[in-house]
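Here is a short briefing on one model. Look at the sheet and the ligand site as you read.

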Amino acid sequence: MAEESYDHLIRDDEDFVQHGNYIRQNPVCAKLAANAEAYPYASASCIEQIANAGEGACATGRRAAILRMDWAELKDSAAGCTACRLHEKRTQAVFGVGDQNADWLFVGEGPGADEDAKGEPFVGQAGKLLDNMLAAIQLKRGKNVYIANVVKCRPPGNRNPEQDEAAACEPYLTRQIELIQPKLIVALGKVAAQQLLATQSAVGSLRGQLHNHRGIPLIVTYHPAYLLRNLPDKAKAWEDLCFAVSTMNGLMAQQQADQQ
Ligand code: SF4
């Protein structure tokens, strides 16, 4: 009987992923297969199924699987995801669009009807306004800018995503942020701000401050769809964009100073 214990207390998600990787490589180390995915009795061969499993699957395992994915796997996984009820009425998952190495990441709440039909975030009237907002600060969709949403599937009737839906979709946005490594995140509206900052505070009280999402500076402004209904608040959104630009300039200057 082995005297050594192989039990290990998993401390956090990172530890979970590390030990999962170690275990998956066991068949390779034992020369049972050329790569982990080729060994049919190990978890690596069914990782995609775990990632796409809905209720009843181990949420930690699903999250850990998603946090290991590359861009192609992540997009495929979201396209087939059934982890929350929003998949039932979507035309397609709306993954995100833009420069995968962008310094700027803009995050909205979820796809609307136009986005659901086209498969791209911010393509309706609100999308046009967002493009105009980007142009006002010399930015362009797809060029040093990535645009994503908190949930990848359209909430019916354009309602806000429910908390459990945002929680189910969180690993996708988290992985997108990890892969992009933006210098600055701009949260567009209440849902994105509250999700990324884990707060219940209103947009009005979150504006004008430099927040932090897992070490990445974050600024809050209004969602373009809200601005279309509340034109006077466009001036406040402009203040937020100017604040974002000056923050980005400061971050770039700091980076240059650090490199010298
Ligand atoms: S909203 Fe996110 S978690 Fe829900 S089904 Fe779509 S991709 Fe999956």
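In strand β4, V186 is the bridge partner of F106. This is a predicted model: local features need pLDDT of at least 70, side-chain atom pairs count only at pLDDT 80 or more, and totals for chains, interfaces and linings use all residues. Residues are numbered from 1 along each chain as its sequence is written. Helices (H or I, at least four residues) and strands (E, at least two) are DSSP runs, numbered from the N terminus.

**The sheet**
- Strands β2 (residues 104–108) and β4 (residues 184–188) pair in the parallel sense over 4 bridges; two strands pair if DSSP finds at least two bridges between them.
- Helix α12 (residues 234–259) packs on the sheet and touches β4 and β6. Its direction makes about 165 degrees with that of β6. Contact means C-beta atoms, placed from the backbone, within 7 Å. Axes are lines fitted to C-alpha atoms, for helices over the stretch in contact, and angles run from 0 to 180 degrees between N-to-C directions.
- The open sheet has 6 strands in the order β1-β3-β2-β4-β6-β5, with mixed pairing.
- β1 (97–98) and β5 (211–213) are the edge strands, each pairing on one side only.

**The ligand**
- The ligand is surrounded by 14 residues, each with its C-beta atom, placed from the backbone, within 6 Å of it.
- The closest are C81, C84, H87, C153 and C169.
- Helix α8 (residues 163–180) gives the largest share of this shell, 3 residues.

Methods. Two residues are in contact if their C-beta atoms, placed from the backbone, lie within 7 Å.
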